[in-house]
Amino acid sequence: MKKLLYISLATAALFFGSCADENFYDAYRDPSKIVQTNVPKQFAGFMKINFEDVIPSYWNYYTVIRSTSLTYTQAHGFTNLTGRYVPGPAVTDRWNRYYKFVAQYRELEKVMGTLSATQQAENRIYAVTSTIYLYDHTSKMIDNFGDIPFSEAGKIGSTGGDFAAALAKYDNQTELYVKMLDELKAFSTELNTITLSVNTEREFKNQDLINKGDLVIWKNYCNSLRLRMLNRVSAFPALTARANSEMAEIIAEGKIVDENAENIAFRVYNQDTDLDTSGFIDALEGANNNIAPKPMIDHMNANSDPRQAWLFEKGTTAATYVGLDPTLTSGAQDQLISDGKIAIYNRSVISRNKWLPGTLINAAEVNLILAEYYSRNGNGTTAKTYFEKAIRQSVEYYVRLGDKADVLTWKPTTEPTTAEINAYIDAINFSGAVTAADQLELIAFQKYIHYNVMQADESWAEQRRLKLPVLVFQEDETSTIRKTPPTRWTYPNSERVYNPDNYNAVKANDNLSTKIFWDVK
């Protein structure tokens with residue numbers, strides 16, 4: 001088969017028969033090696049197929065994120081090399097994994113379609129939760145690319161292997177966001193009414209790799225994802241009123257990720273499968289990918305941020321924490337790094353911690369969203385409450401990441417005290433931010449710190465949307481393509497080659513300057 005598959009066919013020819021065994025939750029068997037499938041097994045295979053985009057892994061971080069989101073957000077310090085603001089072929093890996101993921105989802109739909117009405121009702125929970133998970137990752141694809149093939153993507157398993165018939169059109173990004181918001185709202189309501197039989201409850205728990213079959217957690221996940229997506233489109237004129245009204249409804253219901261104990265994550269349970277973070281060591285430490293960024297370090301130094309020692313280590317020859325200055329020449333930067341002057345991400349807590357979770361939604365993130373919502377609507381007092389709660393949760397989050405550290409050499413020996421956390425919050429002084437614009441600056445900087453290298457996609461989306469924090473980038477004067485960080489990723493070359501008719505419909509917007517629809521500032 002010729003370079004088989006322009007990947008927007010969704011490479012389903014390789015995956016449409018895949019599934020997982022009945023003990024996938026414990027055994028993590030490779031779904032592509034199993035011939036027979038059913039709804040629960042296909043559900044597990046679907047959740048597993050894109051784990052590299054969730055659990056910190058070598059391929060995603062080193063190949064994709066290192067040269068894109070981490071650099072564009074200054075989540076790490078980077079040297080000013082030629083071409084640093086051009087995504088290049090790295091984004092193909094993310095594109096390919098997403099469409100393998102979509103292919104698995106289509107096969108789940110296909111298997112569901114073979115069931116009787118009674119059986120479909122019995123298995124309804126798989127359709128609801130798989131779609132919530134699909135929409136989480138689909139929103140990220142839109143945030144990175146804009147229009148994407150979706151409604152017709154991944155259906156080669158239903159076309160009898162006819163690749164031409166499976167060529168997928170690009171869906172309009174705004175319309176697709178609205179579709180997802182509509183369905184997520186309906187799912188949130190439906191989750192209040194679903195009751196599982198004993199057998200389905202047992203099977204669902206075994207196959208649910210994220211929430212272990214807990215419907216309350218799925219409800220929290222669904223609503224928190226809605227909050228994130230609604231907040232992201234809140235400045236888009238056609239969706240502003242909807243964003244504010246639905247966010248108010250979600251807050252009133254109170255079914256969200258509100259505490260760290262409720263965080264949604266793809267967790268690592270053992271080191272005997274490929275579902276672990278062992279490759280993250282080379283991904284973050286290789287090619288100086290773990291260098292500390294100057295804006296983050298400067299803020300932590302100035303305000304005695306209690307997260308600093310948990311996120312970073314001092315340079316080997318430095319008496320204080322020093323971040324890499326993005327305005328220096330690459331030669332000067334390289335010299336500082338080689339001299340051990342620059343801080344790096346903490347190896348015990350972060351890069352050599354094989355138990356890092358794959359974060360989907362966490363409490364600090366949600367409460368920063370709520371802080372922004374209340375500030376935007378003129379309630380600075382309530383915004384302050386959520387802002388400070390988010391900081392406390394962020395501190396706790398990173399301290400607790402160190403609990404299962406395998407290598408203790410660089411792990412701090414004492415945890416931040418309540419007094420130290422309070423002093424940091426006082427130093428930031430949210431009460432002193434009189435205007436909503438001033439408050440937003442503080443909120444945006446806390447997002448920058450909390451997301452760091454752990455949630456690079458969310459950080460890049462938020463920085464493009466808010467234009468905050470204000471970061472200084474040295475222009476790449478040697479590049480003829482892009483001198484500053486882009487506003488989107490460009491499509492893989494495979495789209496031009498294998499899906500030319502559909503690609504040509506979006507070709508005019510396939511550049512590094514076209515904004516995602518919610519990027520209106």
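Colleague: How do helix 8 and helix 10 run, roughly parallel or roughly antiparallel to each other?
Modeller: Roughly parallel. Under 35 degrees counts as roughly parallel, over 145 as roughly antiparallel, 65 to 115 as roughly perpendicular, and the rest as oblique. Helices here are DSSP runs of H or I with at least four residues, strands are E runs of at least two, and both are numbered from the N terminus.

Colleague: What sort of model is this, and how are residues numbered?
Modeller: It is a predicted model, in which local features need pLDDT of at least 70 and side-chain atom pairs count only at pLDDT 80 or more, while totals for chains, interfaces and linings use all residues. Numbering starts from 1 along each chain as its sequence is written, and side-chain values use heavy atoms, leaving out hydrogens and water.

Colleague: At what angle do the axes of helix 8 and helix 10 cross?
Modeller: Roughly 30°. The axes of helix 8 (residues 124–145) and helix 10 (residues 198–207) come within 10 Å. Axes are lines fitted to C-alpha atoms, for helices over the stretch in contact, with angles from 0 to 180 degrees between N-to-C directions.

Colleague: Which residues make that contact between helix 8 and helix 10?
Modeller: Helix 8 uses I125, Y126 and T129, and helix 10 uses T200, E203 and F204. Contact means heavy atoms within 4.5 Å.

Colleague: What about helix 9 and helix 12, at what angle do they pack?
Modeller: About 20°, with the axes 13 Å apart. Helix 9 covers residues 173–190 and helix 12 covers residues 240–253. That angle makes helix 9 roughly parallel to helix 12. V178, L181, D182, K185 and S188 of helix 9 meet R242, E246, E249 and E253 of helix 12.

Colleague: Next, the core. How many residues has the largest nonpolar core?
Modeller: 131 residues. Such a core is a set of buried Ala, Val, Leu, Ile, Met, Phe, Trp, Tyr and Cys residues joined through side-chain atoms within 4.5 Å. Those with the most contacts inside it are I132, Y133, I148, F266, F312, I350 and F517. Helix 8 gives the most, with eleven residues.

Colleague: What does I148 touch?
Modeller: Leaving aside residues up to four places away in sequence, its partners include W95, Y98, Y99, M141, I142 and L176. K169 and D171 are also among them. A separate second core has five residues, including I291, I337, I342 and I344.

Colleague: Is T277 buried or exposed?
Modeller: Buried, at a relative accessible area of 0%. Buried means under 20%, exposed over 50%, and partly exposed in between, with a 1.4 Å probe and protein chains only. T277 sits in the loop between strand 3 (264–266) and helix 13 (280–285). Beyond four places in sequence, T277 touches I55, P56, V268, N353, K354, W355 and L356.

Colleague: Which residues of helix 14 are buried?
Modeller: P295, M296, I297, H299, M300 and N303, in a helix of residues 294–303. They pack against helix 15 (308–311), strand 4 (312–313), strand 5 (344–345), helix 20 (418–428) and helix 21 (436–451).

Colleague: What follows helix 14?
Modeller: S304, with a positive phi near 50°. S304 is exposed, at 57% relative accessibility. A287, in the loop between helix 13 and helix 14, also has a positive phi, about 55°. A287 is exposed too, at 52%. Most residues other than glycine have a negative phi, and most peptide bonds are trans.

Colleague: Where is the cis peptide bond?
Modeller: From L468 to P469, with omega near -10°. P469 lies in the loop between helix 22 (456–466) and helix 23 (493–498).
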